[in-house]
Amino acid sequence: MGHLSTHVLDVMNGCPAAGMSVKLQRIDGPNVTTIKTLTLNADGRTDGGPLLEAQSMAVGRYRLLFSVAAYFRAKGVQLPTPPFIDEVPIDFGIADPAGHYHVPLLASPWTYSTYRGS
């Protein structure tokens, strides 16, 4: 069964990004619709299962929008105004609704990295 998941690690502090805000959006040409907004749990993952279950997945373009600067400010990190990295958008496509799509993020106030996980 297909599903969409994410996991965020705070590489500055070497821990999961507990408390980071994330938006899942669907992109249809110029139209962007927010599907859900959530806060990551103590493990840097979503509570209540995947972001999308198989029955909700559809072929198309999506975006995960991670509130990186707000997360680091809440951890007490002094950031400039504006911050070097504020929100991290990761645009990706779902070609197979029966597939497993895992979109992890490794983040610090100055860099980020992602990949298609397993």
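## Basis of the model

The model is predicted: local features require pLDDT of at least 70, side-chain atom pairs count only at pLDDT 80 or more, and totals for chains, interfaces and linings use all residues. Residues are numbered from 1 along each chain as its sequence is written, and side-chain values use heavy atoms, with hydrogens and water left out.

## The four-stranded sheet

An open sheet is formed by four strands in the order E4-E3-E6-E7, with antiparallel pairing. Its edge strands, each pairing on one side only, are E4 (31–39) and E7 (87–94). Direction ignored, neighbouring strands of this sheet are turned by 20 degrees against each other on average; the axes behind this angle are lines fitted to C-alpha atoms, for helices over the stretch in contact, and angles run from 0 to 180 degrees between N-to-C directions. Strands (E, at least two residues) and helices (H or I, at least four) are DSSP runs numbered from the N terminus, and two strands pair if DSSP finds at least two bridges between them. In general, strands of a sheet pair through backbone hydrogen bonds, either parallel or antiparallel.

Strand E3 (residues 21–28) pairs with E4 in the antiparallel sense over eight bridges, and Val 22 has Leu 38 of E4 as its bridge partner. The two strands form a hairpin with two residues between them, and Gly 29 in the turn has a positive phi of about 60 degrees.

## Strand E7 and its partner

Strand E6 (residues 60–67) is joined to E7 by eight bridges in the antiparallel sense. Across this pairing, Arg 63 has Asp 91 of E7 as its bridge partner, while Leu 65 stands opposite Pro 89 in E7. The covered face of E7 consists of Val 88, Ile 90, Phe 92 and Ile 94, whereas Glu 87, Pro 89, Asp 91 and Gly 93 make up the uncovered face.

Ser 5 lies in strand E1 (residues 3–10), and His 102 lies in strand E8. Their side chains make a polar contact at 2.6 Å. Such a contact is a pair of N or O atoms within 3.5 Å; within protein, one must be able to donate a hydrogen and the other to accept it, and residues adjacent in sequence count only if both atoms are side-chain atoms.

Ser 5 counts as buried because its relative accessible area is 13%, and His 102 is likewise buried, at 10%. Buried means under 20% relative accessible area, exposed over 50%, and partly exposed in between, with a 1.4 Å probe and protein chains only.

Ala 74 is located in helix H1. This residue counts as exposed because its relative accessibility is 71%. Ala 74 and Gly 19 are 55 residues apart in sequence, and their C-alpha atoms are 8.9 Å apart in space.

The loop between helix H1 (68–74) and E7 contains Pro 82. The peptide bond from Thr 81 to Pro 82 is cis, with omega near -5 degrees.
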